[in-house]
Amino acid sequence: MKKKDKMKMKISLSAKITCILFFTCSLIYLVSVIIGCRIYDRSIYEYYDETVYNAAEIVAGYFKEGELERYAKAAYDYNHGKVDHSFLEKIVEEDRYKEVLSMIYSMNGAIQANDIYVTVIDIDVLNNFTEKAYAEKTWKPMYYIMDSYSDDEKNFKLGDSGYITKKYINEVIDSYNNRKRYEGCYVSKGIFGYNMTALLPVIENDKVTAFIGVEMPMYTLEMYKRNFVIRISVITAIVAIISLLFTNLLVEKSIISPVKILSYEALEFVNNNTKISEKLNDIKTGDEIQTLSESLYSLEVNINEYINNLQRVTAEKERIGAELNVATQIQADMLPRIFPPFPEKKEFDLYATMDPAKEVGGDFYDFFLIDNDHIGLVMADVSGKGVPAALFMVVAKTLIKNRALMGGGPGEVLAYVNDQLCEGNDAELFVTVWFAILEISSGKGIAANAGHEHPILKRKDGKYELVLYKHSMAVATIEGLKFKEHTFELYPGDSLFVYTDGVPEACNEKNEFFGSDRLLDALNKDPDVSPKELLSNVKEALDDFVAGADQFDDITMMGINYFGTQV
């Protein structure tokens with residue numbers, strides 16, 4: 001997908017905030033309607049609850065003392081076969097029974113109830129509820145005393161039995177046992193809507209004599225609830241829309257417009273060569289957006305300054321880099337690089353390399369003919385790195401060679417060089433040196449070691465081994481130093497390997513050193529090869545060991561195979 005297409009798919013901040021505000025207002029609208037309906041439902045339920053229970057208590061007052069207990073016993077005895085139906089008919093024909101039933105009918109009409117009835121509960125049958133009996137409608141724990149239902153065909157007579165809705169069985173049992181009314185009403189849904197029933201226990205002689213039930217239709221709740229929902233929905237929607245428009249206008253002015261300016265000016269800064277606009281200073285919102293605008297303006301100014309400085313530094317770095325490249329080439333040219341160096345000399349084969357850790361380094365090697373039968377061999381390492389070490393190296397190399405060509409042993413040469421380098425050595429640099437003079441015809445040599453690594457020697461048909469002896473101090477440490485000389489002799493077939501500390505101290509990513517043991521293993525991997533191949537083997541072993549870790553020190557090596565005059 002192209003960048004232009006991606007830009008088109010972005011949704012503006014204004015649209016996002018509008019969507020968020022719309023969603024928030026919609027959520028508030030829904031929550032308000034739901035809470036309002038619940039409050040309304042609760043108030044209507046409380047009203048109906050109070051109405052039906054008040055009616056039940058009034059009906060209970062219609063009965064004189066002992067009357068309700070007598071009627072309840074007759075209904076109970078009839079359902080248990082103790083009296084026949086004629087006994088009940090005599091009670092129904094009594095004037096007092098008719099009077100009370102008439103008053104109940106009047107109450108029914110006055111409160112517009114569905115039904116008002118008086119029953120006695122057979123607690124034994126109630127406690128023996130079974131799903132099967134309930135389904136077959138053979139479980140009927142309620143015996144009617146009076147019923148004011150408007151339909152005579154469905155009206156229960158004295159002694160008729162009926163069932164209790166299953167979900168309210170436990171409430172009725174609890175009401176019977178504790179001799180107190182159920183806290184709340186029994187709500188059911190019929191073909192004409194919801195009904196609310198109060199079942200009030202009548203207590204006589206500290207026992208429940210009967211229950212008075214009042215069932216009222218809740219059409220008022222349904223009708224008024226519908227109207228209430230419509231009104232509250234309209235009002236809440238109007239308030240939500242007004243709030244949305246006002247909030248959106250406020251957010252547009254105080255947030256979106258300043259943010260658009262910030263976005264536009266930041267994009268202009270990127271696309272138009274870091275052009276700084278003063279419009280950022282015109283944002284005065286007095287909040288975090290103004291702080292952001294001021295910070296962005298300051299950032300653009302600082303970026304421009306940084307870019308200008310970076311351009312200057314880059315140009316300077318390129319200039320220095322070019323000069324360092326020249327210096328690297330000059331340093332490389334100062335070291336002998338033509339091999340074999342003395343083709344006419346068949347008595348030995350020699351090869352050397354130097355890999356600086358930086359563009360220029362402090363290590364150096366050298367070899368030169370002092371006369372037709374003597375060759376000088378130098379391996380040295382200047383303290384420090386970079387340009388200072390390279391400059392010190394140039395001076396040291398020149399002094400060593402020039403003084404050696406004038407004659408004298410290695411100790412005498414190094415003593416002279418030491419005194420020369422100590423003069424004006426404010427940087428306190430020093431150089432470790434292994435310097436040897438080898439008589440080509442005989443293989444006899446004299447060496448001086450000024451704090452340098454031990455040389456490694458291989459005899460004919462043998463292995464490379466370290467040649468250990470006591471070092472002298474490094475050159476340029478203290479003026480007036482004397483350097484101890486050591487004699488050695490190479491026989492035909494012998495080989496000599498000298499190096500700087502960059503070889504054994506090469507470090508891998510685990511901060512492990514290459515060490516002398518690995519160096520000897522690399523040399524003895526193929527000990528009889530030419531010096532060039534020998535140095536290549538060591539370099540390959542070093543590269544495998546460091547495995548890409550940074551090189552922290554110069555790596556310099558020299559190998560000599562001595563053949564003698566027999567060649």
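Does Phe129 count as buried, partly exposed or exposed? I looked up its relative accessibility, which is 24%, so I wrote Phe129 down as partly exposed. I note here that the model is a predicted one.

Entry, the partner of Phe129. I found Phe129 in an aromatic pair with Trp139, and the pair is edge-to-face. The ring centres are 5.1 Å apart and the planes stand at 85° to each other. Phe129 sits in the loop between helix 6 (123-127) and helix 7 (131-136), while Trp139 sits in the loop between helix 7 and strand 2 (142-147). The two residues are 10 residues apart. I then looked up Trp139, which is buried because its relative accessible area of 3% is under 20%.

Entry, other rings. I noted 16 aromatic pairs in the structure. One aromatic cluster is formed by Phe339, Phe342, Phe348, Tyr351, Tyr365 and Phe367. I also found Arg403 over the face of Tyr416, at 5.6 Å from the ring centre.

Entry, the peptide bond at Phe339. I came back to this member of the cluster and found a cis peptide bond between Phe339 and Pro340, with omega at about -5°. Pro340 belongs to the loop between helix 10 (288-334) and strand 7 (348-355).

Entry, the protein as a whole. Among contacts with a separation of 6 or more, 69% are between residues 24 or more positions apart.

Entry, helix 13 and helix 14. How do the axes of helix 13 (residues 515-524) and helix 14 (residues 531-546) cross, and at roughly what angle? They come within 8 Å and cross at roughly 135°, which means that helix 13 is oblique to helix 14. I recorded the crossing as right-handed. On the helix 13 side the contact is made by Arg518, Leu519, Ala522 and Leu523. On the helix 14 side I listed Leu534, Asn537, Val538, Ala541 and Phe545.

I looked up two residues in the loop between strand 15 (495-499) and helix 13: Thr500 and Asn511. Thr500 is buried, with a relative accessible area of 0%. Asn511 is exposed, since its relative accessible area is 64%. The phi of Asn511 is positive, near 60°, in a residue other than glycine.

Entry, Ala476. I found a positive phi here too, of about 80°, although Ala476 is not a glycine. Ala476 lies in the loop between strand 13 (464-466) and strand 14 (485-489). I looked up its accessibility as well: Ala476 is buried, at a relative accessible area of 6%.

Entry, Ala113. Where is Ala113 found? I located Ala113 in the loop between helix 5 (95-111) and strand 1 (115-121). Its relative accessibility is 12%, so Ala113 counts as buried. Apart from neighbours within four places in sequence, Ala113 is in contact with Asn108, Glu215, Met216 and Pro217. I also checked Asn195, 82 residues from Ala113 along the chain, and the C-alpha atoms of the two are separated by 9.5 Å.

Definitions and conventions:
Residues numbered from 1 in each chain as written. Predicted model: local features only at pLDDT ≥ 70, side-chain atom pairs only at ≥ 80, totals over all residues. Heavy atoms only, no water. Phe/Tyr/Trp six-rings, centres within 6.5 Å; stacked < 30°, edge-to-face > 60°. Helix = DSSP H or I, 4+ residues; strand = E, 2+ residues; numbered from the N terminus. Buried < 20%, exposed > 50% of the residue type's maximum accessible area, 1.4 Å probe, protein only. Lys NZ or Arg CZ within 6 Å of the ring centre and 35° of its normal. Axes fitted to C-alpha atoms, helices over the stretch in contact; angles between N-to-C directions. Parallel < 35°, antiparallel > 145°, perpendicular 65-115°, else oblique. Left-handed = near helix turned anticlockwise from the far one by under 90°. Contact = heavy atoms within 4.5 Å.
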